[in-house]
Amino acid sequence: MQPVSSSNGSRRRRRRDPTTMMMMMMPEMTTTTPPPGATITPRHRRRLSPVSSLALLVLLGILAGPLGQGHAADDEDYYIQELLSRDLYNRVVEEPEEQQPVAPVSDGMQEGPFRKKAVPKKSKKVSSEKTGKTPTEPKPGKTTNRKAEKSKKGSLKSPNSISEGEEGQYGAAYEECPPMGLETLKIDDFQLHASTTKRYGLGAHRGRLNIQAGIYEDDLYDGGWCAGRDDPLQWFEVDGRRLTKFTGVITQGRSSLWSSDWVTSYKVLVSNDSHTWVTLKNRTEDDLIFIGNREKEIPVKNLFLKPVVARYIRVNPRSWFNSGSICMRAEILGCPMPDPNNYYHRRNEVTTTDNLDFRHHSYKETRQLMKVVSDMCPNITRIYNIGKSYNGLKLYAIEISDNPGEHEVGEPEFRYTAGSHGNEVLGRELLLLLMQFMCLEYLSGNPRVRHLVEETRIHLVPSVNPDGYERAFEVGSELSGWSLGRWSQDGMDIHHNFPDLNSILWEAEAKKWIPRRMRNHHVPIPEWYQSKNATVAMETRALVAWMEKIPFVLGGNLQGGELVVTFPYDRTRSQGVTREQTPTPDDHVFRWLAFSYASTHRLMTDASRRVCHTEDFAKEDGTINGASWHTAAGSINDFSYLHTNCFELSMYVGCDKYPHESELPEEWENNRESLLVFMEQVHRGIKGVVRDLQGRGVPNAIISVEGINHDIRTAADGDYWRLLNPGEYRVTARADGYSSSIKKCEVDYEMGATRCDFTINRTNLSRIKEIMDRFNKQPLRLPRRQPAQLQTGGPRQRRTGT
């Protein structure tokens, strides 16, 4: 391979540390270039003679004095470490037969009760070198899946040909590396560079796979990197900050509602010093041209013929859409080379000690895993289904409680759902991990988990939209794009497919119908929504029936693509307004619930973290009112609040909707504490039982809190739970046919709901009606008695004698 200069001879100036400056002034130092066909390695940098090496060691000893004092973890310089460990890298790269095996795509955890033994999978693809046949390009527009990977004749596609959404151009005899983290933000903005930029909002820091632009494009947050000039000398560069084994590139076009820009072909170059570059070659030693995108949204993955070890990698666009510009979003597949001294790796490393099944599960594997959990903890778990999807897949739920299958008086019901958007996979896997974690921790005697299980009835539905998930799962984590599998099989957005009860309530309030003609809670579902011809997904109907059957108190639905917790209302009250703060009567409670999740998440409230797309939610403590973000009618959050007793929130648990399998352990660590803390909030506020004089529970009794224009109702046994922030409240319990009862209930700051029971009396009228109904008799209608003054002629008549 011939060295290629930095983008038409242009070189970027870099800040040099004292060690680097001294090395440049040393004599007997020569610059070498790699021979043709060789993989670039650290030995192709500057070589030192023995005298220079001795001088360098002396210099390093001096620098280790005054310059080396302080906190080692903070002041340690990467370039000094790189020089000290260069021999290690040379051995790793120059002796591939003795190379240490790179960590596989899985998380690398030890085998546990939920994990199958890892068995290396043999590649089903055959290299075109072995077949001796010339690969051909697939027909455009043809979709592919896992079964299509197998070629009928055993031959493979050309390295220069790929169709959108495929797993790769050709078979690789080596193990493919996971994404480096452009999409998940592991790669920070300072590691991304470009030759030129059209404007700041289209800079290299925006060239991340699946990054989204706003509706109105601006100078800060646009949907990709766009070059300042449209010529073949432009490039997009990623600094791995250490030697990395690169195995492939994934590209997309620019995210935009108003323009069409994507790269149709490109070259890949690598370097160890960002000055001398080597272009990847094909088998005939010509520059390898990779086929890029055919439109702007579907990702295209290209794998290299052989792994390439270097620190820097560049993508050099060679052609682009003829009606557009050079714009792209990208992800790099790469495995960092072993280096225990690397500062950047240590700083960002997140590990987990939980021995769980960290991998993506198909529908069948999900069902099997839930069965394993249930068999392992049979006394506290129960598997049931709440309905079926459009394709007939069951919507499985698992219940975790000390008495599964029974509603216990005084024990609140909690739910987590995930996967209403089928391609937002992280929430689904988090719930599968949560059920494994709670089973293991309960068996090990964890007091916190045992208290949750014994005092709460927990329901987990990991996949609300299994049809959509299966479509995304078939393609894979990096190639599903932003929308594949999002909707149900019949094209419904399940998350916003519920009846719009906001308009009904607000219209009733405007007409002064509340509370005489209509309640401020349990708003009825309109008749048109319940008809068979209504545009309602089967999955939504199943959720509605489930929510009406069980008296849930608190719930969370896990979403993806952002890092924020949203709370009702999700629809703006003003007509035609896309963003407007629209609080509920329980706004203070919702804000606390949202903050309880966001504040315990590892990243949501971190003010220094990079925004996922266009919104900086960290400055709002990682929470936001749904309507002030973007209006949406018929959301599950609004429906749950207005039609049932349940307070529902949405947790957007990660920037990457479908993270790679290797990211799951870290994502679990990011969300584990939040998942537990939010469940514990179901025990905040007041709870109790409303009974009559005979001690029987009164169902559907109304619990009102003075100053909050939203009531709740008791369950079938007369028990209730009212989420409230700490304070003193005047609470009223009333029911049809009963006299009302008022109490003052105080909520403490400590966890645990305050007990506040009520006893209400039957009214005389209700007793009479009950007796008459029992004996099937109607009350007598006596003739109306005339006033006494009319019967006797009245006082005036008596006085006058007339």
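Visitor: What does the accessible surface of the protein chain come to?

Guide: Accessible areas come from the Shrake-Rupley method with a 1.4 Å probe, and for residues only the protein chains shown count as cover. In this predicted model, the accessible surface of the protein chain is about 37900 Å², and carbon and sulfur atoms hold 51% of that surface. Residues are numbered from 1 along each chain as its sequence is written, and side-chain values use heavy atoms, with hydrogens and water left out. Because the model is predicted, local features need pLDDT of at least 70 and side-chain atom pairs count only at pLDDT 80 or more, whereas totals for chains, interfaces and linings use all residues.

Visitor: What pLDDT does the protein chain average?

Guide: The term pLDDT is the predictor's confidence in each residue, from 0 to 100. The protein chain averages 80, and 74% of the residues score at least 70. Over residues 1-110 the pLDDT is below 50, and this stretch has 170 contacts in the model beyond near neighbours in sequence; a contact means heavy atoms within 4.5 Å. Residues 117-173 also have a pLDDT below 50, with 97 contacts beyond near neighbours in sequence.

Visitor: What share of the contacts in the protein chain comes from residues 24 or more positions apart?

Guide: Of the contacts with a separation of 6 or more, 76% are between residues 24 or more positions apart.

Visitor: What percentage of the residues of the protein chain count as buried?

Guide: Buried means under 20% relative accessible area, exposed means over 50%, and partly exposed lies in between, with a 1.4 Å probe and protein chains only. By this criterion, 53% of the 802 residues are buried. Helix 17 (residues 636-643) is mostly covered, with 8 of its 8 residues buried; among them are Phe639, Tyr641 and His643. Cys646 is also buried, at 1% relative accessibility.

Visitor: How many disulfides does a search of the whole structure find?

Guide: A disulfide is a pair of cysteine sulfur atoms within 2.5 Å. The search finds 5 disulfides. When bonded cysteines are counted along the chain, the pattern is 1-4, 2-3, 5-6, 7-8, 9-10.

Visitor: Which parts does the disulfide of Cys226 and Cys327 tie together?

Guide: The sulfur atoms of Cys226 and Cys327 are 1.9 Å apart, and the link is right-handed, with 115 degrees about the S-S bond.

Visitor: What is the handedness of the link of Cys612 and Cys655?

Guide: That link is left-handed, with -55 degrees about the S-S bond, and the sulfur atoms of Cys612 and Cys655 are 1.8 Å apart. Both cysteines are buried. As a further case, a disulfide joins Cys745 to Cys756, with an S to S distance of 1.9 Å. Cys745 lies in strand 25 (residues 741-747) and Cys756 in the loop between strand 26 (754-755) and strand 27 (758-759), so this pair ties together parts 11 residues apart in sequence.

Visitor: How many helices and strands does the secondary structure come to?

Guide: Helices (H or I, at least four residues) and strands (E, at least two) are DSSP runs, numbered from the N terminus. The protein chain has 21 helices and 27 strands.

Visitor: In what order do the 8 strands of the open sheet stand?

Guide: Strands of a sheet pair through backbone hydrogen bonds, either parallel or antiparallel. Two strands pair if DSSP finds at least two bridges between them. The order here is 12-13-15-14-16-19-17-18, with mixed pairing. Strand 12 (381-388) and strand 18 stand at the edges with a single partner strand each, so one side of each has no neighbour in the sheet. Strand 16 (residues 552-559) and strand 19 pair in the parallel sense over 6 bridges, and Leu554 has Phe647 in strand 19 as its bridge partner.

Visitor: What is the pairing in the open sheet of 4 strands?

Guide: The pairing is antiparallel, in the order 22-21-24-25. Strand 22 (708-713) and strand 25 are the edge strands, each pairing on one side only. Strand 21 (residues 702-705) is joined to strand 22 by 3 bridges, and Ile703 stands opposite Ile712 in strand 22.
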